[in-house]
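Biologist: Could you take me through this structure, one part at a time? I am new to it.

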Amino acid sequence: ASVISVPLSFFAGIGGASANGILIKGSTYMEILAKVGTVVFDKTGTLTKGNFKVVDIELYSDKSEPDVLKYATIAEMNSNHPIAISLREAYKIKTLQGEGAKDSLEDIENSVDNDNYEEISGYGIKAVYNGELIYVGNSKLMDQLNISYKACSKLGTVVYVAVGDSADNVNCIGSIVIADEIKTDSKEAIKKLSEGGVSKTVMLTGDRKNIAEYVGNNIGITDIYSELLPGDKVDKLEAVLSTVETNSKVAFVGDGINDAPVLARADVGIAMGGLGQDAAIEAADVVIMDDKPSNIAKAINISKKTLRIVKQNIVFAIGIKILVMIMAAVGMASMWYAVFADVGVCFIAILNALRAMKYKG
């Protein structure tokens, strides 16, 4: 009964989770999920929609808004990041509306010098277009290159655009403010995790402090870390892992290629399967197919329920066997008792195991 019902309980639990849009890659991860006491989140695409929109452009030179957008689009032409997509969409709208944007996206794509394209992880992008050197990225990139710029204090992700004819002659021509929306069920997700026994929630993001605190405080995150490089996220996760109790586990939830190392390092990695990139999904142990953060709590609850059913079957199967053996030793059990202790208990354990498939979390 134990040999049949225990793996069947896990299979049923994994099947039940799949029916809810949650893919768990094995029974081991289901056991870890049931012990999760800390959940660490990435922000963009995980707690927020990742649907970035350009909301403001500030000019620091005689260049026009379409010019600033054009240079940003040139640098982000080869990127699949949501910010890059939003910049290309904004420039495309400018071209369709005829607001001074002369070159089409196709023209730009054909003219970009891919040999001199460089992605500077955690900072931004360097590109060359028609002999002009372009840097597009955050304030850290401007500081690293010693490019003077006017800091933008508006709420949102700020992308600075710098252009020059050589590395020694690069000037910041403007900044672009891009806003993202919090997912409608992010707040509910944090509430459900807290009600389900998760004592600590952490958010790690490369965004500015004011944006991180706005999102985190709105949805109820307990610890917020901002302005992190991809490598910093691993360090922060290591710090979190070092503080948890021995019998408690840490889950990390992310969706981007930069999250893959953190997903692999956590006790259990959870990826958003809709917007998530292939590297993140591959590195994760659990995949949320509909990108709803609230399903994280559901995955944990399904895992806990499955573990309870497994333990019930083990105790029931062994307990009945021992009871029948004692009864047989004192002459109180017939052959039919033995049949029930074997076949009957096995049948009941299987029926109990199938309950895990119907549990909705």
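This is a predicted model: local features need pLDDT of at least 70, side-chain atom pairs count only at pLDDT 80 or more; totals for chains, interfaces and linings use all residues.

Biologist: How many bridges join E11 to E12, and are the two strands parallel or antiparallel?

Modeller: Strand E11, residues 249-254, is joined to E12 by 4 bridges, and the two run parallel. Within this pairing, Phe252 has Gly269 of E12 as its bridge partner. Between the two strands the chain passes through helix H10, residues 260-265, and this β-α-β crossover from E11 to E12 is right-handed.

Biologist: How does E12 pair with E13?

Modeller: E12 and strand E13, residues 286-288, pair in the parallel sense over 3 bridges. Ala271 stands opposite Val287 in E13, and Met272 stands opposite Ile288 in E13.

Biologist: What holds paired strands together in general?

Modeller: Strands of a sheet pair through backbone hydrogen bonds, in either a parallel or an antiparallel arrangement.

Biologist: Back to E11, then. How many of its residues are buried?

Modeller: E11 is mostly covered, with 5 of its 6 residues buried. E11 also pairs with strand E2, residues 36-42, through 5 bridges, and these two strands run parallel. In that pairing Val36 stands opposite Lys249 in E11.

Biologist: What is the order of the strands in the whole sheet?

Modeller: The sheet is open and has 7 strands, in the order E1-E13-E12-E11-E2-E9-E10, with mixed pairing. Its edge strands are E1 (22-24) and E10 (223-225), each of which pairs on one side only. From one strand to the next, the twist averages 20°.

Biologist: Which helix lies across E9 and E10?

Modeller: That is helix H8, residues 209-219, which lies across E10 and strand E9 (200-204). H8 runs at about 160° to E10.

Biologist: A change of topic. How many cavities of 30 Å³ or more does the structure hold?

Modeller: The structure holds 1 cavity of that kind. About 40 Å³ of space lies in the largest cavity. Its lining consists of Lys192, Leu193, Gly196, Val198, Ala297, Ile300 and Asn301. Helix H7 (186-195) and helix H12 (294-329) are the elements that give two or more residues to this lining.

Biologist: Which element gives the most to that lining?

Modeller: H12 gives the most, with 3 residues.

Biologist: And the second largest pocket: how much space lies in it?

Modeller: About 210 Å³ of space lies in the second largest pocket. Of the 12 residues that line this pocket, Val54, Leu69, Ala90, Ile93 and Lys94 are the closest to its centre.

Biologist: Which elements supply its lining?

Modeller: Strand E3 (53-59), helix H3 and helix H4 (82-97) each supply at least two residues. The largest share, 6 residues, comes from H4.

Biologist: Where does Lys70 lie, and is Lys70 buried or exposed?

Modeller: Lys70 lies in helix H3, residues 65-75. With a relative accessible area of 18%, Lys70 falls under the 20% limit and therefore counts as buried.

Biologist: What does Lys70 touch?

Modeller: Leaving aside residues up to four places away in sequence, Lys70 touches Tyr91, Asp103, Ile108 and Tyr129.

Biologist: Let us follow Tyr129. Where is it found?

Modeller: Tyr129 is found in strand E5, residues 124-129. At 5% relative accessibility, Tyr129 counts as buried.

Biologist: Which residues does Tyr129 touch?

Modeller: With residues up to four places away in sequence not counted, Tyr129 touches Lys70, Ile74, Asp103, Ile108, Ser111, Val112 and Ile134.

Biologist: How far apart are the C-alpha atoms of Tyr129 and Ile108?

Modeller: The C-alpha atoms of Tyr129 and Ile108 are separated by 8.5 Å, and the two residues are 21 residues apart along the chain.

Note on methods:
Residues are numbered from 1 along each chain as its sequence is written. Side-chain values use heavy atoms; hydrogens and water are left out. Two strands pair if DSSP finds at least two bridges between them. A crossover is right-handed if, with the strands pointing away from the viewer, the path from the first strand over the helix to the second runs clockwise. Axes are lines fitted to C-alpha atoms, for helices over the stretch in contact, and angles run from 0 to 180 degrees between N-to-C directions. Contact means heavy atoms within 4.5 Å. On a 1 Å grid over the protein atoms alone, a cavity is a set of points where a 1.4 Å probe fits but cannot get out, and a pocket is an open set with protein on both sides within 12 Å along at least five of seven lines; lining residues have an atom within 4 Å of a point. Grid points are joined across faces, edges and corners, and a volume is the space filled by probe spheres set on the points. Buried means under 20% relative accessible area, exposed over 50%, partly exposed in between (1.4 Å probe, protein chains only).
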